[in-house]
Amino acid sequence: MKFFYYIVFLLYIFELQVFASERYICKHSKDDAIQLITNFYILGDKLVMSGSSGNGEYKLINKSKNGLLAVNSSFIGNEFGLETILINKKDKIFIYKTYINNESLSNILKIKGACTFAN
């Protein structure tokens, strides 16, 4: 059964590469023994993230020669979540921020890393 999920995942990634106008391969800048990698794909007005940070679709807010900004937000009950992705093409870096707010606490997670353009 695991083999089936692996094949489906590979077909999904292959499909993204075929239809994506741009692709970025980004490595996290943490000094872990295992280097974490996240892929970003541009599909029309969407940015698709796939990798160790998570998976999801984000709405492109701004796209230029210098970079791009994408956002995803959601309400689940009383909780609110906001995720932002900034890819700086000039400096070849990415910043991923997620903010989760509920009545008891607010959590912010920030990940940075270096990117390469792959097309």
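Where is the place of Asp45? Asp45 sits in the loop between strand S2 (37-43) and strand S3 (46-51). Strands here are DSSP runs marked E of at least two residues, numbered from the N terminus.

This is a predicted model, in which local features need pLDDT of at least 70 and side-chain atom pairs count only at pLDDT 80 or more, while totals for chains, interfaces and linings use all residues. Residues are numbered from 1 along each chain as its sequence is written, and side-chain values use heavy atoms, with hydrogens and water left out.

Asp45 counts as partly exposed because its relative accessibility is 42%. The scale works like this: buried is under 20% relative accessible area, exposed is over 50%, and partly exposed lies in between (1.4 Å probe, protein chains only).

Which residues does Asp45 contact, leaving aside its neighbours within four places in sequence? They are Tyr58, Lys59 and Leu60. A contact means heavy atoms within 4.5 Å. Ile61 is 16 residues from Asp45 along the chain, and the two C-alpha atoms are separated by 8.4 Å.

With Lys59, the side chain of Asp45 makes a polar contact at 2.8 Å. A polar contact is a pair of N or O atoms within 3.5 Å; within protein, one must be able to donate a hydrogen and the other to accept it, and residues adjacent in sequence count only if both atoms are side-chain atoms.

The side chains of Asp45 and Lys59 also meet in a salt bridge, 2.8 Å from N to O. Asp45 lies in the loop between S2 and S3 and Lys59 in strand S4, so the pair ties together parts that are 14 residues apart in sequence. Lys59 is partly exposed, with a relative accessible area of 44%.

## The strands around it

Strand S3 and strand S4 (residues 54-63) run antiparallel, joined by 6 bridges. Two strands pair if DSSP finds at least two bridges between them. Gly51 has Gly54 in S4 as its bridge partner.

S4 also pairs with strand S5 (residues 67-76), in the antiparallel sense, over 4 bridges. A hairpin of 3 residues joins S4 to S5.

## Salt bridges

How many salt bridges does a search of the whole structure find? The search finds 4. A salt bridge is a side-chain nitrogen of Lys or Arg within 4 Å of a carboxyl oxygen of Asp or Glu. The table includes three of them.

| Salt bridge | N to O distance |
|---|---|
| Asp45 and Lys59 | 2.8 Å |
| Glu57 and Lys46 | 3.3 Å |
| Lys89 and Glu22 | 3.4 Å |

Take Glu57 and Lys46, whose side chains meet in a salt bridge. Glu57 lies in strand S4 and Lys46 in strand S3, so the pair ties together parts that are 11 residues apart in sequence. Glu57 counts as partly exposed at 43% relative accessibility. Lys46 is partly exposed too, at 37%.

Next come Lys89 and Glu22, which form a salt bridge. Lys89 lies in the loop between strand S6 (79-88) and strand S7 (93-101) and Glu22 in strand S1 (residues 22-28), so this pair ties together parts that are 67 residues apart in sequence. Lys89 is partly exposed, at 25% relative accessibility. Glu22 is buried, with a relative accessible area of 12%. Glu22, Lys63 and Lys89 are linked in a network of salt bridges.
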